[in-house]
Structure formats: structure tokens, C-alpha cells
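Please consult the sequence and the coordinates alongside the text.

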Amino acid sequence: MVFSKEISVEGKLISKESPTFIIAEAGVNHGGDMVIAKQLIDLAVKAKADAVKFQTFKAEHLILDNIQKAPYQKNTTDASETQFDMLKRLEVSREQNLELKQYCTDKGIVFLTTPFDEESLKEVDELDLPAYKVASTDTTNLPFLKKIAKKGKPIFLSTGMSYLSEVRLALETIYEYNKDVVLLQCTANYPIQDNEANLAVINTYRDNFDILLGYSDHSVGVGAAPFAIPMGAKVVEKHFTLNKADEGPDHAASLSPGELIDFVKTVRRVDTYMGSEIKEPSLSEQSTRK
């Protein structure tokens with residue numbers, strides 16, 4: 001399988017030679033409040049991220065009503081509340097998504113949202129998204145992957161909790177319909193320990209698949225993502241929040257406003273450090289060489 005070497009997302013090029021494409025992951029950190037959602041967009045714009053991403057789901061189509069929360073969710077929210085009830089409070093409606101997309105357009109940042117179920121996928125079709133992000137929870141959901149692939153839009157595929165064989169099957173499913181894919185290494189916990197980042201998997205992906213690569217980062221602080229860039233990551237994604245102390249499943253593991261700004265600056269500095277692959281004397285070396 002040979003996937004696209006260049007992908008364009010609203011005019012922003014993703015390729016081996018391009019700057020790193022930075023996705024600021026707002027996720028569900030708006031808490032169901034559109035005022036906060038817009039403040040998160042403002043922060044992503046201020047930090048100079050390329051895109052800001054939310055999540056779209058219908059709780060009744062996504063999860064059974066008696067499912068317990070994940071361990072990290074119990075630590076950051078009411079442990080007695082079901083995951084269904086928590087997610088229900090965090091839903092974003094069609095009208096709200098349209099409003100947020102227009103707000104992003106007005107602010108000059110790419111709007112993305114992850115659909116988590118087929119009803120939500122139909123709903124976000126109306127948004128005419130420039131790309132689709134597939135969450136790690138759907139790496140093995142082959143019918144869902146096929147439906148997204150048929151949209152003909154670029155796909156960012158996260159692969160947390162997955163075996164290499166499952167990643168291969170996901171890519172084979174997508175490949176029949178879509179070659180514009182970025183494969184993201186991810187460890188799906190919030191937050192992860194440093195030794196769980198497993199950046200070396202990027203090497204494994206490069207050895208096994210001819211595809212653009214990236215990293216969805218759940219490590220603490222600015223974290224692992226900048227180190228993924230010299231390994232070949234061309235897309236990085238990181239959760240952020242207005243206040244780490246807010247109640248919700250992801251706030252504690254997210255970047256604060258100042259950390260998000262530092263994160264983008266660090267990624268851009270690494271881009272500058274990467275420079276050129278051509279080995280020749282630099283301009284400043286010319287006189288020294290003489």
C-alpha cells in the first residue's frame with residue numbers, strides 16, 4: 001500500500017517537507033458550554049495552532065446506559081455517575097457545530113471534529129469538514145472506517161490500544177477508497193507515563209507502511225510530541241483546556257493556556273532545527289570553510 005505523499009487540509013500542506021501540522025484538541029473540555037468552546041478556539045488561534053478539534057457523538061448511539069467510566073475518568077469526575085450520563089452532558093448539537101465552524105472560519109483556523117458514531121457521521125457531513133479524525137476507539141471498527149474513507153477527505157487515524165495487525169487491517173480497509181491518510185501513534189490514556197509514549201512505534205509504522213505519520217500526545221506538559229518530529233511525525237495533536245482544575249474527564253491531562261502556547265512554539269522551533277536534509281556547508285559556514 002502506497003498512500004499519498006502530500007495532503008492538503010484547507011490549503012495547509014502536509015508532506016515530508018512541510019511544517020508540522022498542529023491540532024489543538026479541545027475535545028470535550030467545553031463542558032457543553034458554547035461560550036467556553038469559543039474561548040478554546042480563541043486560545044488555539046492565539047497559540048497559532050493549525051487546527052482546533054472537538055468531538056461529536058450521540059450518547060445513545062455510542063454507549064450502553066450502564067457502562068462504568070474508565071479509571072482515569074473516575075479520578076477526574078463523579079465516580080458514581082455512569083459514562084452515559086457524563087457523555088450526554090458533553091454532546092455538541094448540529095447547530096452548535098455549525099456555529100463553531102463559522103467561528104473558526106472567522107478566526108482563520110481549521111475546524112475539525114471527531115465523529116464517534118454513525119448518526120454523528122451523517123450529521124457532520126453537513127459541516128463539509130476538510131478532514132476527518134478517527135479516534136483510537138474506532139481503529140477496529142471497519143464498517144465505520146469504510147464509511148469515513150468513502151467521504152474522500154483526508155483522514156487522521158489514531159491507533160491507541162491497537163496491535164500492529166489491527167492497524168494494518170484498518171489501513172487495508174481505508175486504502176480501497178482513500179489514499180489521503182496520516183497514521184498517528186497514540187497511547188490512549190489520560191495522562192500517560194513517560195515510558196508509555198512509545199515513540200519508537202513511529203519507526204515501526206515507517207518500516208511497515210508507506211504513509212505520512214504523526215503522533216497524538218497524551219503525555220504530561222509539552223511532553224513527547226516535539227520529540228516525535230525528528231522521527232518523521234508531520235502531524236501532532238495535544239489536548240488543551242482553559243483551566244486544568246475544571247471538572248471533566250480530560251482537563252487534568254490537558255495543556256493549560258500557557259502550556260499550549262509553549263507547545264506550539266516548541267514544535268515550531270523543532271521544525272526550524274530540522275532544517276534541510278542536504279549535507280552541504282551552510283551559509284554561515286562558508287567563510288569558516290575558507
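This is a predicted model: local features need pLDDT of at least 70, side-chain atom pairs count only at pLDDT 80 or more; totals for chains, interfaces and linings use all residues.

Strand E3 (residues 21-27) is joined to E4 by 4 bridges, and Glu 25 stands opposite Lys 53 in E4. Strand E4 (residues 51-56) in turn pairs with E5 over 6 bridges in the parallel sense. Within that pairing, Thr 56 has Pro 115 of E5 as its bridge partner.

Why is strand E5 described as largely enclosed by the rest of the structure? Buried here means under 20% relative accessible area, and 6 of the 6 residues of E5 (residues 110-115) are buried, so the strand is largely enclosed. Both of its faces are covered: one side carries Val 110, Leu 112 and Thr 114, the other Phe 111, Thr 113 and Pro 115, and all are buried.

**The H7–H8 pair**

Helix H7 (residues 142-149) and helix H8 (residues 164-175) have axes that come within 8 Å and cross at roughly 35°. The crossing of H7 past H8 is right-handed. On the H7 side, the contact is made by Leu 142, Leu 145, Lys 146 and Ala 149; H8 contributes Leu 169, Ala 170, Thr 173 and Ile 174. By class, the residues of this contact comprise 6 nonpolar, 1 polar and 1 charged.

**Nonpolar cores**

The largest nonpolar core contains 60 residues, and those with the most contacts inside it are Val 52, Leu 157, Leu 171, Leu 183, Tyr 215 and Phe 240. Helix H1 (residues 34-47) gives the most to this core, namely 7 residues. A second, separate core has 14 residues, among them Val 9, Phe 21, Phe 156 and Leu 184. In soluble globular proteins, nonpolar side chains tend to be buried together.

**Two residues in their surroundings**

Pro 154 lies in the loop between H7 and strand E7 (155-158), whereas Val 45 belongs to helix H1. The table sets out their accessibility.

| Residue | Relative accessible area | State |
|---|---|---|
| Pro 154 | 9% | buried |
| Val 45 | 29% | partly exposed |

Which residues does Pro 154 contact, apart from its neighbours within four places in sequence? These are Ile 7, Ser 8, Val 9, Pro 130, Ala 131, Tyr 132 and Asp 180. Its C-alpha atom is separated by 15 Å from that of Val 2, which lies 152 residues away along the chain.

With neighbours within four places again left aside, Val 45 is in contact with Lys 107 and Ile 109.

How values were computed: Residues are numbered from 1 along each chain as its sequence is written. Side-chain values use heavy atoms; hydrogens and water are left out. Buried means under 20% relative accessible area, exposed over 50%, partly exposed in between (1.4 Å probe, protein chains only). Helices (H or I, at least four residues) and strands (E, at least two) are DSSP runs, numbered from the N terminus. Two strands pair if DSSP finds at least two bridges between them. Axes are lines fitted to C-alpha atoms, for helices over the stretch in contact, and angles run from 0 to 180 degrees between N-to-C directions. A crossing is left-handed if the near helix is turned anticlockwise from the far one by less than a right angle, and right-handed if clockwise. Contact means heavy atoms within 4.5 Å. Ala, Val, Leu, Ile, Met, Phe, Trp, Tyr, Cys and Pro count as nonpolar, Asp, Glu, Lys and Arg as charged, and the others, Gly among them, as polar. A nonpolar core is a set of buried Ala, Val, Leu, Ile, Met, Phe, Trp, Tyr and Cys residues joined through side-chain atoms within 4.5 Å.
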